[in-house]
Amino acid sequence: MADTLFDLAVGILKENDRGSYTVPTAGLYPFQWNWDSCLTALGQAHFDEARAWTEIETLFAHQWDDGMVPHIVFHQLDDGYFPGPDVWATGRKVPTSGITQPPVAGFAVRRLFDRAKDKASARTRAAALLPKIAKWHDWFYRCRDPEGSGLVAILHPWESGRDNSVDWDAAFQRVPTEGVEPFTRRDTQHANPEHRPTQAQYERYIWLVQLFRGLGWDNEKLHAASPFKIVDPGFNAILLRSSADLADLAEALGEAETARAARAQAARGLDAMEGLWNDRLGQYVCFDRAAGTQVESPSVGGLLAAFATIPAPRAAALGRRIAALGERATYLVPSHDPDAPEYDGKRYWRGPVWLIVNYMIADGLRRAGETAAADRIVADSLRLIHEGGFAEYYDPVSGEPCGGGRFTWTAAMVLEFLAQG
Ligand code: DGY
């Protein structure tokens with residue numbers, strides 16, 4: 001059976017391959033997405049190492065001069081997606097969006113490098129990516145942590161990747177909808193509208209895009225101007241893990257100064273993560289920087305903190321929290337606590353299980369010695385695939401496949417899980 005799953009996963013990655021980048025799924029997402037590509041490369045490396053490096057190199061070829069790596073690169077015209085290049089209007093030769101996404105590249109590149117069979121090529125390619133990733137991380141600390149707290153804020157839900165998480169509901173009350181230009185959504189033509197964000201959420205997504213566009217996408221201004229400013233533990237854990245991995249990679253490549261700077265960023269951020277711990281929920285939670293309060297929302301963002309090197313007692317507590325969730329969900333890890341009133345098992349990030357998040361949580365828990373929780377997450381992930389195919393996400397109780405089908409990063413994560421077993 002494992003061989004069959006392997007072949008099916010490879011088939012999906014090849015089908016969605018557009019030569020130098022891979023689309024997340026045909027139709028719903030017809031361009032290159034930032035964190036999708038970095039995680040996809042890990043899957044590609046199982047059958048074509050050279051192609052895996054290209055995936056990340058293509059993304060970084062579109063890095064902005066200020067260091068930001070955009071969340072979408074619009075390599076070719078496709079009016080099947082909204083919001084397209086005309087809405088973003090970032091003025092790039094190859095159009096891109098104007099916001100970023102979880103910075104998983106440092107982690108992915110280190111993993112590609114460590115596992116490479118072609119060591120010489122990996123050294124050259126990693127050495128070329130290293131300063132670009134360091135520049136992206138520096139951008140984060142300069143533009144998204146102007147007061148030097150050690151943790152960075154997202155300014156748009158799409159940056160977190162967890163577009164319609166319950167975590168943003170309270171902050172979204174402060175995002176108006178007046179002045180939003182009329183638009184037609186395309187996502188609901190490709191996927192079941194019941195599985196997607198609501199119209200009210202889309203209006204606020206676009207209001208924020210218009211605000212930033214009006215500021216000329218000047219990243220020195222956006223943080224101060226945005227009414228939506230959230231410190232997400234999952235997002236920061238990805239950045240901190242990537243910083244630590246970048247430091248190790250830099251050391252291996254003899255780049256001592258890059259290693260020192262990345263290590264300092266990781267150390268400072270890990271200290272600051274403690275401020276996101278919530279005793280009542282027994283997990284990390286978001287901090288609403290615009291309101292100055294924690295967001296008491298039991299979402300998977302706080303569990304994803306396990307991906308960074310958090311203190312052992314915290315990792316153990318997350319292991320317990322995940323075990324408790326496992327008694328209420330058939331499949332780990334639900335993106336929102338099934339007991340919470342806002343939980344919706346089919347609606348994108350308000351309940352469903354996502355394999356990429358499972359992968360990162362399991363990886364972190366395993367490193368922390370929380371083996372039982374990690375094993376259960378991997379087993380549940382593979383069970384979902386056997387029963388429901390390679391979907392975008394899954395209902396954590398029924399296992400129903402939701403969102404887009406034949407999904408690239410789901411296939412990539414399957415290849416990673418199979419290689420572990
Ligand atoms: C979408 O269009 O749903 C994406 O998640 C935004 O990046």
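In which loop does Ala89 lie? In this predicted model, Ala89 lies in the loop between α4 and α5, the latter helix spanning residues 105-115. Its backbone is worth a look, for Ala89 has a positive phi of about 45 degrees although it is not a glycine.

Two peptide bonds also deserve attention. The bond from Phe82 to Pro83 is cis, with omega near 0 degrees. Pro83 belongs to the loop that runs between strand β2 (72-73) and helix α4 (85-88). Val333 is found in the loop between α14 (312-328) and α15 (355-367).

Next comes the ligand. Where does the ligand sit? The ligand sits in the largest cavity. The residues that surround the ligand are Tyr29, Trp33, His71, Tyr81, Trp158, Asp163, Arg196, Tyr202 and Tyr348. Sorted by class, this shell has six nonpolar residues, one polar residue and two charged residues. Tyr and Trp count as nonpolar here, so the tyrosines and tryptophans of the shell fall in that class. Asp and Arg count as charged, so Asp163 and Arg196 fall in the charged class.

Trp33 has a polar side-chain atom that lies 3.0 Å from an oxygen atom of the ligand. For Tyr348, a polar side-chain atom is likewise placed 3.0 Å from a ligand oxygen atom. Asp163 brings a polar side-chain atom to 2.6 Å from an oxygen atom of the ligand. As for cover, the ligand has 230 Å² of accessible area on its own, and the protein covers 95% of that area.

The last topic is charge within the protein. Side chains of opposite charge can pair when their charged atoms come close. How many salt bridges does the model have? The count comes to 37 salt bridges, with a cut-off of 4 Å between a side-chain nitrogen of Lys or Arg and a carboxyl oxygen of Asp or Glu. One of them is formed by Glu15 and Arg406, whose closest N and O atoms are 2.8 Å apart. This pair links distant parts of the chain, as the two residues are 391 residues apart. Glu15 is in helix α1 (residues 2-15), whereas Arg406 is in the loop between β9 (401-402) and α17 (408-420).

Terms used
Residues are numbered from 1 along each chain as its sequence is written. This is a predicted model: local features need pLDDT of at least 70, side-chain atom pairs count only at pLDDT 80 or more; totals for chains, interfaces and linings use all residues. Side-chain values use heavy atoms; hydrogens and water are left out. A residue is near a molecule or strand if one of its heavy atoms lies within 4 Å of it. A polar contact is a pair of N or O atoms within 3.5 Å; within protein, one must be able to donate a hydrogen and the other to accept it, and residues adjacent in sequence count only if both atoms are side-chain atoms. Accessible areas come from the Shrake-Rupley method with a 1.4 Å probe; for residues, only the protein chains shown count as cover. On a 1 Å grid over the protein atoms alone, a cavity is a set of points where a 1.4 Å probe fits but cannot get out, and a pocket is an open set with protein on both sides within 12 Å along at least five of seven lines; lining residues have an atom within 4 Å of a point. A molecule sits in a cavity or pocket if more than half of its atoms lie within 2 Å of its grid points. Helices (H or I, at least four residues) and strands (E, at least two) are DSSP runs, numbered from the N terminus.
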